[in-house]
Amino acid sequence: MRPVLSFAAVLGLAALAGAQDPKGPAPRRLLFIQASGYLYVNPLTAAPDGAGPPRAAERFAAALRVPVAKGNNQLFVLTDTSAASPHPTRAAVATALDRFCATTREQDRAVIVFSGHAIERAGGPFFVPLDGDPDAPATLVPVADVYARLDKLKAAQKVVIWDVCRHNPDRVRGRRDGGPMSEGLFKALTAVPAGVQVLVSCSPGERGLEYVPSGLQTGSAYLDALRRAAADEFAQLGPADPIPVDAWNQGAAKTVVAGAVATGARGAKQTPAAVGTAPKAPAPFDPKAAPARRADLPEPPKPPTADVKAVLDELALPPLFEADRSQVGAVPFAPDALKGTAPDVSVEEVLKAAEKYPLRAAVLRSLQAVREVWPRGGKEAKGVTPLAAPVAERTKKTISDAQQPLAEAVLRLEAELEALRAVEGHRAKETRRWQAHYDLTLAEVRLRVVVLNEYNLLLARVRTETLPDLAPGAPGWRLTAGDKLTSRKEMKDLLVAAQEGFEKVAADHKGTPWEVLARRSRATVPGLRWEPLPAPKATDQ
């Protein structure tokens, strides 16, 4: 059979070939840290690479003319988009940064990309790694630690790119995030040590825009704008030339907003910033010197152990929202994390003898009910958002048709919730495994009932046209996350009960898959609201 290369693969090979500069390899190094499938904060838009190489990082390195040849490969990647790469966990980021700096020579020009969430807390500004929890500062990467490490680094040029405060306005926010760039966060990111140059993706009050999924153009609009600008700027550079940071940023700033094709980005403003200075007396380029030693990165995540996989398989549910790519199975658990929780009988045996195991059978039935009724797109409103104004009768009819299965799903999950409550008296006599299963399932079903009710209510507001007023020329509305529930008090009380349940599971089962699953669901933002779209400017039309 004749081998076939996809168009994307051909472009990738061409880009990598272009990285081998005919003038000779430049002393450039790139540490590319990209977090997207977050566990405890809102996921970011990124193209999954599967088992293949990290394409976004490779294309970025090619534009920067970073050497990637055998014997001189200066590209180092941490990303959760590729199973072949180490994931950007807190521990992996710290290790990679230390080893990257330790192997950098004085003549090298080092570039470090942090692409993901950044937040401001009482303890200072932080980059949020893949497993970072905003409520647990010890799981975050302090910006001060990054700058302290770079301050000590002796290199001809040190460039840091903060691709943060990202947001895709065409997607419903599933979990909390840090919001727009704050004054405090921007001040901290731009307070750089002498000899360090920094690029920041946006200015205070702004968000870093994202592409909607569309082939190769998926993810950060700023990183893609930098890549395209580098293809022009870096092509003219010789191996000894410094990276033209200011010109590079200016070139990207011209196209970053125009490149963000998300509908909700109309009228958006994104102003990248460049600060800092290059070292005053950089070491000269020595073409005869041996290449920089390869930094040993942490290993890619291993498949979950059999006992962890069994727990995750038993509790597996459709994601609450479509964009959720978080991978609990990639979390490294201690070898004895599940000690004392081994199953005494199989799931099949439980279902065959449901009268003997009433609590277990109720848990399994509830989980199966969620799998069968949950909307395929979670709480994403495909075909509904953005909602064009005025609301057409055919739109109302479409929404009415969508509400029927939603109402049926709510009724079924409410029945399962009552069945779970009815067997609560059996919990005390159960094993630790099934106590954890029960507590997590009870909280999860409560949360799902709340989410479905909220979504159904927001759809009803379209049918009755009880929507926010629009500014002149505004094209309509988009469904977005709300910090507060729109639903009635009964649903608000049910949400509180669900959140308390998740917190209890996390506290009672630290270091286990139950803790991770509970903390992930606890971070869900279940509120929804219709938000008016901005009126397009003349340049948008």
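Modeller: We'll go through those topics in turn.

Colleague: What should I know about the model before we start?

Modeller: It is a predicted model: local features need pLDDT of at least 70, side-chain atom pairs count only at pLDDT 80 or more, and totals for chains, interfaces and linings use all residues. Residues are numbered from 1 along each chain as its sequence is written, and side-chain values use heavy atoms, with hydrogens and water left out.

Colleague: Rings, then. How many aromatic pairs does the count come to?

Modeller: Eight aromatic pairs. Rings of Phe, Tyr and Trp (its six-membered ring) pair if their centres lie within 6.5 Å; planes under 30 degrees apart count as stacked, over 60 as edge-to-face and the rest as tilted.

Colleague: Why is the pair of F127 and W162 called tilted?

Modeller: The planes of F127 and W162 sit at 50°, with the ring centres 6.5 Å apart, so the pair is tilted.

Colleague: Which strands do F127 and W162 lie in?

Modeller: F127 lies in strand β7 (residues 124-128) and W162 in strand β9 (residues 157-163), so the pair ties together parts that are 35 residues apart in sequence. Helices (H or I, at least four residues) and strands (E, at least two) are DSSP runs, numbered from the N terminus.

Colleague: Is W162 buried or exposed?

Modeller: W162 counts as buried, because its relative accessibility is 0%. F127 is also at 0% and counts as buried. Buried means under 20% relative accessible area, exposed over 50%, partly exposed in between (1.4 Å probe, protein chains only).

Colleague: What about Y147 and W162?

Modeller: Y147 and W162 pair edge-to-face, 6.2 Å centre to centre with 80° between the planes. Y147 lies in helix α4 (residues 143-152) and W162 in strand β9, so this pair ties together parts that are 15 residues apart in sequence. Y147 is buried, and so is W162.

Colleague: Which residues do ring pairs link into a cluster?

Modeller: F32, F60, F234 and W248.

Colleague: Which charges lie over ring faces?

Modeller: R29 lies over the face of F100, at 5.0 Å from the ring centre. R448 lies over the face of W374, at 4.6 Å from the ring centre. The rule: NZ of Lys or CZ of Arg within 6 Å of the ring centre and within 35 degrees of the ring normal.

Colleague: What lines the largest pocket?

Modeller: It is lined by 38 residues, with T89, A330, V331, P332 and F333 nearest its centre. The elements giving two or more residues to that lining are α3 (90-102), α9 (306-315) and α15 (513-522). The largest share, four residues, comes from α3. By class, the lining has 21 nonpolar, nine polar and eight charged residues. Ala, Val, Leu, Ile, Met, Phe, Trp, Tyr, Cys and Pro count as nonpolar, Asp, Glu, Lys and Arg as charged, and the others, Gly among them, as polar.

Colleague: And the second largest pocket?

Modeller: About 420 Å³. It is lined by 22 residues, of which L315, A316, L317, L517 and R520 lie nearest its centre. The largest share of that lining, four residues, comes from α13.

Colleague: How many cavities of 30 Å³ or more?

Modeller: Three. The largest cavity has a volume of about 110 Å³. Its lining has 15 residues, and N42, P43, N168, R171 and V172 lie nearest its centre.

Colleague: Last topic, the backbone. Where is there a cis peptide bond?

Modeller: Between A389 and P390, with omega about -5°. P390 is in the loop between β15 (387-388) and α12 (393-422).

Colleague: What is the phi of R65?

Modeller: It is positive, about 55°, although R65 is not a glycine. R65 is in the loop between α2 (55-63) and β2 (68-69). It counts as buried, because its relative accessibility is 18%.

Colleague: And E465?

Modeller: Phi of E465 is near 55°, again positive in a residue other than glycine. E465 is partly exposed, because its relative accessibility is 45%.

Methods. 1 Å grid on protein atoms, 1.4 Å probe; cavity = no way out; pocket = protein on both sides within 12 Å on 5 of 7 lines; lining within 4 Å. Points joined across faces, edges and corners; volume = space filled by probe spheres on them.
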